[in-house]
Amino acid sequence: MNYVHPIHQAAGHDGYFTAEDNSVFIKATTPQEIQFYQQVQEFDSPNEDDSESSYSGSKLIDWLPIFMGTLSESAITERQIDQIYHVDIDEAASKIPDYIVLQNLYHGFSKPSILDIKLGSLLTDPETTTPEKIERLRKVSESTTSGSLNLRICGMKVYTGQNANSYPVEEIFPNMLDTSIDKHTVDKDSYITFNKVYGRSLDVNNIAQGILLYFKLYFGNHPHGKRIIFNLLTTFLRRFELLYNCLLEYPIRIYSGSLLFIYESDLTKWTEDVIYDTETYETADPMINESLVDEYGQDEDDIEELGDFATTHGIIEKFVPLSSLHIIDFAHAKFVDEELSYDENFIIGIENLIKIFKSLIEQYK
Ligand code: ADP
Ligand code: MN
């Protein structure tokens with residue numbers, strides 16, 4: 001198996017890799033980010049006297065991409081994919097690794113639409129950053145919704161169907177998309193990518209509509225679109241509430257970390273029973289938002305995985321993810337003393353997302 005550059009990336013640096021089968025995401029990293037992933041694993045590892053039952057979403061580790069290990073620059077060309085899963089962290093740490101190997105969060109999606117929202121108004125750790133960088137990032141924060149709402153769209157990559165090239169983005173939001181500056185590009189693969197200028201140009205008055213564009217650019221034109229958008233908004237709102245409660249328990253500081261939103265834009269995965277099954281949306285675990293799709297003639301691995309179920313039903317049915325939410329980017333994240341409590345800077349951003357999504361849901365009721 002070979003390493004290739006990611007097909008989908010909403011924001012951030014270049015030079016990242018995925019395995020050709022999209023199973024892992026390999027990101028150039030810093031010792032601090034690796035340490036944070038390791039500390040979360042330790043903090044969240046099950047404790048024997050821990051009799052309290054924990055539900056999915058109650059632990060920080062539930063919200064992070066799965067951490068699989070690290071790689072050094074030379075290894076990335078040498079190692080085969082099956083070996084990646086067995087990289088020895090201690091061995092790798094003896095020389096500083098250059099890459100972190102993570103679960104690829106868009107794996108399993110057919111047409112993922114991706115949104116990266118950076119949280120916090122303080123974008124850098126005052127204890128470890130140079131005065132020049134503190135000043136530069138303070139200005140960025142002050143002039144954007146980072147400063148006013150502790151959140152800012154860093155980038156988004158949205159599927160728009162076959163007609164991406166002729167998509168009238170400017171017509172949809174004429175006031176927001178100042179066409180004199182390039183804030184988006186129309187890709188040849190039916191996607192529109194919004195760069196960091198887009199998020200920086202939004203303010204408190206249009207941020208909600210700016211976020212809604214991520215959901216409605218494609219679904220907005222579909223007969224079931226309104227219902228799908230409502231379902232997605234509701235699911236993400238529940239996730240914010242869960243995540244908010246989870247983060248109250250963690251003595252951490254995440255500077256410049258992001259929430260990575262993904263939803264499925266392939267309409268064939270949105271079966272009508274999922275779209276209109278209110279029961280599922282009232283009771284289902286919001287961490288898991290998925291659909292059962294009939295797939296005939298799947299390969300043998302799938303058949304084995306589903307075992308008796310597939311045999312008794314005479315068909316192969318497969319769970320596919322419809323949306324997900326994760327925290328990413330821990331290059332400037334750390335644990336702090338227990339008595340310093342939770343990360344207010346980060347959490348206020350989630351509080352504001354809760355308000356924004358509640359207002360959007362009102363529009364879609
Ligand atoms: P940085 O901003 O420092 O370059 P990030 O961790 O924020 O690094 O990642 C940048 C972008 O890469 C994100 O916006 C997202 O689109 C993509 N990305 C990061 N981690 C993953 C992952 N585990 N799976 C899939 N995509 C990812
Ligand atoms: Mn980032």
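1. A crossing of two helices is called left-handed if the near helix is turned anticlockwise from the far one by less than a right angle, and right-handed if clockwise. By that rule, the crossing of H9 and H10 is right-handed. The structure is a predicted model, in which local features need pLDDT of at least 70 and side-chain atom pairs count only at pLDDT 80 or more, while totals for chains, interfaces and linings use all residues. Residues are numbered from 1 along each chain as its sequence is written, chains are lettered from A and ligands numbered from 1 in the order in which they are written, and side-chain values use heavy atoms, with hydrogens and water left out.

2. Helix H9 (residues 207–219) and helix H10 (residues 225–247) pack at an angle of about 155°, with their axes 9 Å apart; helices are DSSP runs of H or I with at least four residues, numbered from the N terminus, and axes are lines fitted to C-alpha atoms over the stretch in contact, with angles running from 0 to 180 degrees between N-to-C directions. That angle makes H9 roughly antiparallel to H10 (under 35 degrees counts as roughly parallel, over 145 as roughly antiparallel, 65 to 115 as roughly perpendicular and the rest as oblique).

3. Where these two helices are in contact (heavy atoms within 4.5 Å), Leu-212, Phe-215, Lys-216 and Phe-219 of H9 meet Gly-225, Ile-228, Ile-229, Leu-232, Leu-233 and Phe-236 of H10. The contact of H9 with H10 comprises eight nonpolar residues, one polar and one charged; Ala, Val, Leu, Ile, Met, Phe, Trp, Tyr, Cys and Pro count as nonpolar, Asp, Glu, Lys and Arg as charged, and the others, Gly among them, as polar.

4. H9 also packs on helix H14 (residues 344–364), their axes coming within 10 Å and crossing at roughly 65°, and this crossing is right-handed. Divided by class, the contact of H9 with H14 has 10 nonpolar, two polar and one charged residues.

5. The axes of H10 and H14 come within 9 Å and cross at roughly 155°, which means that H10 is roughly antiparallel to H14. The crossing of H10 and H14 is left-handed. Among the residues making this contact are Phe-230, Leu-237 and Tyr-244 of H10, together with Phe-346, Ile-350 and Ile-361 of H14, and by class the contact of H10 with H14 has 18 nonpolar, two polar and four charged residues.
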